[in-house]
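Could you take me through this model in the viewer, one selection at a time? I would like to know what to click on next and what is there.

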Amino acid sequence: SSSSSSSSSSSSSSSSSSSSSKGPSGHARTAWQRAAADSSREVRSLAKQIELCVSLNRRSSQPVALTVTSFTAHLETIAHRMGTHSWPINKHTEHVLQLLQPEQLVVLSPDAEQPLLQLSPDTAYVVGGIVDRSVCKGLTAGFGARHGLRTVRLPVVEYAQQLGSTLTLKFNPSPKV
């Protein structure tokens, strides 16, 4: 799910001295302006992820019902430009926890110990629309734990051999200081 917050703060012209990024007028952007730009970039990326899911689901031999929660006005505006009106998805402005009972939900998390080995038609599988360029270990598992939700991971290890693939783990021996 995605969240978008709109700020009604007055447009202050104080600029952050630690910022070297410039706005369209060539002036230094404030922290609020940088955050808003980052948020817009993340929402565009989220909309592209949803678009990809819709495309893959359309080509699937067993398509599923796709539901997007926390479908905010900001996401709607960006997704509309991408053709959201033709996307066969259920859109809700409410958060997933406002729509479904915890016992109906399973959170997919790369940090979960148990693999997802069987799908249930009575279960909604939550895929977080978290657009992050870096790894935030434990984020989705933490969400599940905080709300008493079952968490599972995709069965990559269990099915790698069947898919004719070997599992390669990336390892960086030199940590960043």
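A salt bridge here is a side-chain nitrogen of Lys or Arg within 4 Å of a carboxyl oxygen of Asp or Glu. By that rule this predicted model has three salt bridges.

Start by selecting Asp111 and Lys137: their side chains form a salt bridge, with N to O at 3.0 Å. This pair ties together distant parts of the chain, 26 residues apart: Asp111 sits in the loop between strand S3 (105-108) and strand S4 (124-126), and Lys137 in the loop between S4 and helix H4 (139-146). Asp111 is partly exposed at 27% relative accessibility, whereas Lys137 is exposed at 71%.

Next, select Lys91 and Glu76, whose side chains meet in a salt bridge at 3.8 Å, N to O.

Now move to Arg153 and Glu158, a salt bridge at 2.8 Å, N to O. Arg153 counts as buried, at 17% relative accessibility, while Glu158 is partly exposed at 32%.

Finally, colour the model by pLDDT. The average is 76, and 67% of the residues score at least 70. Where pLDDT is low, the predicted coordinates should not be read in detail.

Technical notes. Residues are numbered from 1 along each chain as its sequence is written. This is a predicted model: local features need pLDDT of at least 70, side-chain atom pairs count only at pLDDT 80 or more; totals for chains, interfaces and linings use all residues. Side-chain values use heavy atoms; hydrogens and water are left out. pLDDT is the predictor's confidence in each residue, from 0 to 100. Helices (H or I, at least four residues) and strands (E, at least two) are DSSP runs, numbered from the N terminus. Buried means under 20% relative accessible area, exposed over 50%, partly exposed in between (1.4 Å probe, protein chains only).
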